[in-house]
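Please read the following note with the model open beside it. Its numbered points take up strand pairing, a pocket, aromatic rings and the backbone in turn.

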Amino acid sequence: RNDSPMTTPKLPPFYRLLLVFCCAAPPFTLGAASGVVDKGSLRFSYDERGITGLGSKDDPFGAEVTSPEQPLALSVHYKTAGGDWMTNRNRFQLIVSPETNTLQYTLSDTNSPLRIVQTFSTDGATLDWNIDLENLANGATTIGDLAVNIPSVGPMGENPRQIFEHGFIKHQFISGHGSFLYFVRASGAGPFLIVTVRPGTRLEYFGGGGGRGGGGQVSIHSALTADNEKGGTWRQPNTFLTLGAAGAKDSQAHYGFRLQFAKTYDAMREVLFQEGLFDIRAVPGMTVPLDLPARFALRTRASIDGIESEFPAGTKIRRLADPQLNTRLYEVSFKKPGENRLTIVHDGGRKTYLEYFVTEPLETLIKKRSAFIINRQQIHDPANWWDGVFGPYDMKNKVVRTIKDPDIFFKRMGYNLTC
């Protein structure tokens with residue numbers, strides 16, 4: 001997705017990955033360049049590349065959610081004043097420290113302007129992933145992209161067991177400081193892996209390349225990649241990060257994520273609540289007609305400062321009586337068709353976004369859709385047996401596709417033309 005030319009330094013930037021294990025359970029010692037961490041309800045592997053094969057010991061199928069081949073990864077694009085964009089390369093030198101139960105992955109370049117330290121810690125129930133950046137240069141360093149990748153095992157192959165019991169699909173709510181991801185087995189059976197941002201960390205963008213399981217990158221900063229993306233209309237801010245000169249107050253930055261398992265959807269909602277994010281319920285949904293008010297409830301431990309509308313003149317927000325402790329209920333009406341964003345301002349200026357889409361009244365939509373189907377999609381050809389069939393409408397070429405003119409609907413896709 002990033003088409004901009006970039007140059008990579010001859011030596012990779014200084015890069016440190018520190019893995020620290022808490023001692024809430026009986027301690028274990030890391031004494032090899034690779035191994036398996038089996039603690040509490042979590043199990044995962046480590047080697048010179050990083051952390052792989054994260055799974056829950058409570059999983060009835062013994063599945064690993066994250067890839068056993070691809071590690072959790074961090075991607076950084078950065079530059080100094082007047083320089084070219086550079087990127088880290090995930091090639092690590094592993095140093096094992098048995099006395100402190102740490103794994104240290106180091107890419108060192110004494111001339112690099114940037115120090116990156118990742119710290120993983122587990123208490124057996126959660127796996128925390130902390131990221132610390134520090135500028136070592138005498139001048140400012142700009143971060144154009146900062147993204148993490150959690151590669152999952154997708155529902156692939158022909159074996160039903162691999163597809164439905166050991167294959168997972170990613171779902172995500174990329175929405176500022178309230179962002180989270182979760183991975184669901186293709187069969188829908190729990191437990192589910194849920195990834196939440198830690199306080200102060202936000203996600204603003206996501207990229208492709210995750211494969212069938214939907215891994216792919218999610219971005220903390222994304223201005224470089226987004227500026228080079230010519231398609232789409234992404235509506236959240238894409239940001240750079242500027243780190244001040246070495247030693248300055250703004251020369252460092254910290255981000256964090258927490259990975260844990262939940263047995264049910266309700267348990268995932270409870271995780272969101274406990275982590276200070278938002279358990280959101282919206283009725284009738286996030287697509288609403290102009291003449292119908294919508295309601296949404298926010299169950300949260302966050303301190304809500306207010307709800308801001310994208311179009312104040314055309315949006316009415318009314319707070320209703322709280323239905324229960326720690327839950328706020330709102331009613332909203334929109335007068336502007338199309339995309340409408342509400343911003344939850346919370347915890348002293350943090351922001352989480354609700355993206356609504358507003359349509360014409362339902363009666364109007366039904367009439368327009370019915371007329372389109374009858375006038376554009378029903379085939380009128382008495383000479384052939386498919387007379388009266390409703391075919392798929394090709395919006396690009398403005399024609400209805402038939403058996404005589406199938407375009408992309410051939411072989412096994414032919415049923416689309418005869419249903």
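**Note on the predicted model**

1. Strands β12 and β13 pair in the antiparallel sense, with six bridges between them. Two strands count as paired if DSSP finds at least two bridges between them, and the elements themselves are DSSP runs numbered from the N terminus: helices are H or I runs of at least four residues, strands are E runs of at least two. Lys 170 has Phe 183 in β13 as its bridge partner. Six residues separate the strands of this hairpin, and Gly 176 takes a positive phi near 70 degrees there.

2. Residues are numbered from 1 along each chain as its sequence is written, and side-chain values use heavy atoms, with hydrogens and water left out.

3. The largest pocket has a volume of about 630 Å³. A pocket is defined on a 1 Å grid over the protein atoms alone, as an open set of points where a 1.4 Å probe fits, with protein on both sides within 12 Å along at least five of seven lines; lining residues have an atom within 4 Å of a point. Grid points are joined across faces, edges and corners, and the volume is the space filled by probe spheres set on the points.

4. Which residues lie nearest the centre of the largest pocket? They are Gln 172, Phe 173, Phe 180, Tyr 182 and Ile 280, out of 24 lining residues. The elements β12 (168-173), β13 (180-185), α3 (265-274), β19 (278-283) and β26 (350-359) each supply at least two residues of this lining. Helix α3 gives the largest share, four residues. By type, the lining divides into 15 nonpolar, four polar and five charged residues; Ala, Val, Leu, Ile, Met, Phe, Trp, Tyr, Cys and Pro count as nonpolar, Asp, Glu, Lys and Arg as charged, and the others, Gly among them, as polar.

5. The structure holds 12 aromatic pairs. Rings of Phe, Tyr and Trp (its six-membered ring) pair if their centres lie within 6.5 Å; planes under 30 degrees apart count as stacked, over 60 as edge-to-face and the rest as tilted. Trp 85 and Phe 240 are stacked, because their ring centres are 6.2 Å apart and their planes are at 15 degrees. Trp 85 lies in the loop between β5 (73-80) and β6 (86-87), and Phe 240 in the loop between α2 (223-227) and β17 (241-243), so the pair ties together parts that are 155 residues apart in sequence.

6. Are the two partners buried or exposed? Trp 85 counts as buried because its relative accessibility is 13%, whereas Phe 240, at 42%, counts as partly exposed. Buried means under 20% relative accessible area, exposed over 50%, and partly exposed in between (1.4 Å probe, protein chains only). Phe 180 and Tyr 182 form another stacked pair, with 6.2 Å from centre to centre and 20 degrees between the planes. Both Phe 180 and Tyr 182 are buried.

7. Strand β21 (residues 294-300) is largely enclosed by the rest of the structure, because six of its seven residues are buried. It runs antiparallel to β19, to which six bridges join it, and Ala 282 stands opposite Phe 296 in β21. β21 also pairs with β24 (residues 327-334) in the antiparallel sense, again over six bridges, and Arg 299 stands opposite Thr 327 in β24. Arg 299 also lies over the face of Phe 273, at 4.2 Å from the ring centre; a charge sits over a ring if NZ of Lys or CZ of Arg is within 6 Å of the ring centre and within 35 degrees of the ring normal.

8. Some backbone details deserve a check. Cis peptide bonds join Gly 190 to Pro 191, with omega about 5 degrees, and Val 283 to Pro 284, with omega about 0 degrees. Pro 284 is placed in the loop between β19 and β20 (287-289). Asn 326, which is not a glycine, has a positive phi near 65 degrees and lies in the loop between β23 (315-324) and β24.

Terms used: This is a predicted model: local features need pLDDT of at least 70, side-chain atom pairs count only at pLDDT 80 or more; totals for chains, interfaces and linings use all residues.
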